[in-house]
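Open the structure in your viewer and keep the selection panel at hand. This tour goes stop by stop, telling you what to select and what you will find there.

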Amino acid sequence: MSTQDKVIAIIAEQAVLEPSDVTLDSTLADLGIDSLGVVESIFAIEEEFDISIPFNANEPEKSDFDISNVAAIVAGIDKLVMEKA
Amino acid sequence: MKRVVITGAGTINALGHSVPATLAAMREGRCGIGQLDFRDVERLAIRIGGQVRGFEAEGRFNRQQMSLYDRFTQFTLTAAKEAIEQSGLEFHGELSAKAGVVLGNSGGGMQTLDENYRSVYEDGKNRVHPFVVPKLMNNAAAGHVSMQFNLKGPSFTVSTACASSNHAMAQAFQMVRSGMSPVMITGGSESMLCFGGVKAWEGLRVMSKDACRPFSANRNGMVQGEGAGIFVFEEYDHARARGAEILCEVIGFAMSSDAADIVMPSKQGAARAIAGALQDARIDASEIGYINAHGTGTAANDKTECAAVADVFGPHADSLMISSTKSMHGHLIGGTGAVELLACIMALRDGVIAPTIGYEEPDPECALDVVPNEAREAKVAVALSNAFAFGGLNAVLALRKV
């Protein structure tokens, strides 16, 4: 599975949706994921990709990791995976 | 209904090992938060906290006691000794039979849990010390206080996360006010600053890596602390009859539940607790001069708390002072309301308002007088202490100058 497919699977599970309902330009809020859901999704992504995501729920906009939509999350993960390699 | 006064106070926390040392630090706006120092700290993303320094359990407690006292119990007994000595009370006969101890605590013997899990899981040992259970149970501290000071009345531990101490003190207050007991020992303690304790909090991603800056626009989360605050709640006539020094009066409380979200605070839940405390104390909102805020330094708490205060107090919200001393001692979780009550006592008795330190940028969503960075002299007749816990469980106490 590609990064994109894996991320969509994780987010779809969190949102209790089918992966087909999650698109690259979906935001987590659009999908009905609340603040706890965001933290849980990030945890699931960290576990899946074995990376550490810099994210503080108090200042999400200031975090180095962009979670504004699914595409941004995928790009962020690819970057962290590459940096780790 | 009986009047209830505080005739003894004790504490140990990152700001000091006694009430005078802690109040001096609050007056100076000193920060007790620093680099954490314990095993495996390098595996944490969050490495700061309000750790108690220079506290040697050896020498204070004998070997047998040490095998039974987790750090949270050690803190509790140290603070209880200071409080009860100040009150001058000795518990014999009928007083002993009626007096008890109600304490707040959230994590129990977290240090003991951490050490022993490490021992069996990481080190692969198959045997633990026989006293692990009596050492880690949440009510261990209350039990030891009752034994050490001969308190034979109602004793138990209240656990409501960050509001534990306020719920406990409200309970003790009710017992004295109703005439059930002339004296109750109350307050709370916590010691979660160990690898497992901080690691668990890290997961929520609400912790700051650099500082606790309540109400400041650039706040980025909470910082944990540890320690204890213990008080002697005494029936007013009982205290007067023996000529005890009275630190202040406890005049009311309220508890409420948000019934909404397990972690996100609710303005309505907080406002109902604040308004309820005013009503229970039979005072007008305009009489409140100081509020010791819950003020955790998270984005969500501080704006919600300020909105709740604005709702309850209306225009008077702009003339009262509200500060968060968590900026100095950190968030003591189950012990926090107890240590913070000291700031209320200082406001009422000494006329000194503890500051919110680390305040850097005004936040339009927290547009109240948060006593930024420097303590202030002010005459205050009535004060409130707020606590709003995970679980949506809130408890607010009201206190008056005597």
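What radius of gyration does chain B have, against that of a compact globule with 402 residues? Chain B has 20 Å, and this agrees with the value near 21 Å that a compact globule of 402 residues would have. Bear in mind throughout that this is a predicted model.

**Stop 1: chain B as a whole**

Select chain B. Its C-alpha trace spans about 65 × 55 × 40 Å along the principal axes. Color by secondary structure. The chain has 14 helices and 14 strands.

**Stop 2**

**Stop 3: from α8(B) to α14(B)**

Show the residues of the contact. From α8(B), pick B:Ser165, B:Asn166 and B:Met169. From α14(B), pick B:Thr336, B:Gly337 and B:Ala338. Two residues of this contact of α8(B) with α14(B) are nonpolar, four are polar and none is charged.

**Stop 4: the sheet of chain B**

Hide the helices and look at the strands. Here is an open sheet of 10 strands with mixed pairing. Trace its order in chain B: β5-β4-β6-β7-β1-β8-β14-β13-β9-β10. The edge strands are β5 (156-158) and β10 (321-323) of chain B, each pairing on one side only. Neighbouring strands in the sheet are turned by 25 degrees against each other on average, direction ignored.

Zoom in on β5(B). Strand β4 of chain B, residues 100-104, pairs with β5(B) in the parallel sense over three bridges. Which residue of β5(B) is the bridge partner of B:Leu103? Select B:Thr157 to see that partner.

Bring one helix back: α11 of chain B, residues 267-281. It packs on the sheet and touches β8 (248-257), β13 (382-389) and β14 (393-400) of chain B. The direction of α11 of chain B makes about 145 degrees with that of β8(B).

**Stop 5: a second crossing pair**

Next, select α5 (residues 110-122) and α9 (residues 195-204) of chain B. Their axes lie 8 Å apart, and the helices pack at an angle of about 100 degrees. Therefore α5(B) and α9(B) are roughly perpendicular to each other.

On α5(B), the contact uses B:Met110, B:Leu113, B:Asp114 and B:Tyr117. On α9(B), it uses B:Phe195, B:Gly196 and B:Gly197. This contact of α5(B) with α9(B) has four nonpolar, two polar and one charged residues.

**Stop 6**

Finally, move to chain A. How many helices and strands make up its secondary structure? There are three helices and zero strands. From the N terminus on, the elements of chain A run α-α-α. The radius of gyration of chain A is 12 Å, close to the 12 Å of the globule rule for 85 residues, so chain A is as compact as a globular protein of that length. The C-alpha trace of chain A spans about 30 × 30 × 20 Å along its principal axes.

Show both chains again. Their contact takes nine residues from chain A and 11 residues from chain B. The side of chain A that touches chain B has five nonpolar, three polar and one charged residues.

Definitions and conventions: Residues are numbered from 1 along each chain as its sequence is written. Chains are lettered from A and ligands numbered from 1 in the order in which they are written. This is a predicted model: local features need pLDDT of at least 70, side-chain atom pairs count only at pLDDT 80 or more; totals for chains, interfaces and linings use all residues. Axes are lines fitted to C-alpha atoms, for helices over the stretch in contact, and angles run from 0 to 180 degrees between N-to-C directions. Helices (H or I, at least four residues) and strands (E, at least two) are DSSP runs, numbered from the N terminus. Angles under 35 degrees count as roughly parallel, over 145 as roughly antiparallel, 65 to 115 as roughly perpendicular and the rest as oblique. Two residues are in contact if their C-beta atoms, placed from the backbone, lie within 7 Å. Ala, Val, Leu, Ile, Met, Phe, Trp, Tyr, Cys and Pro count as nonpolar, Asp, Glu, Lys and Arg as charged, and the others, Gly among them, as polar. Two strands pair if DSSP finds at least two bridges between them. The radius of gyration is taken over C-alpha atoms; the globule rule is 2.2 Å times the number of residues to the power 0.38.
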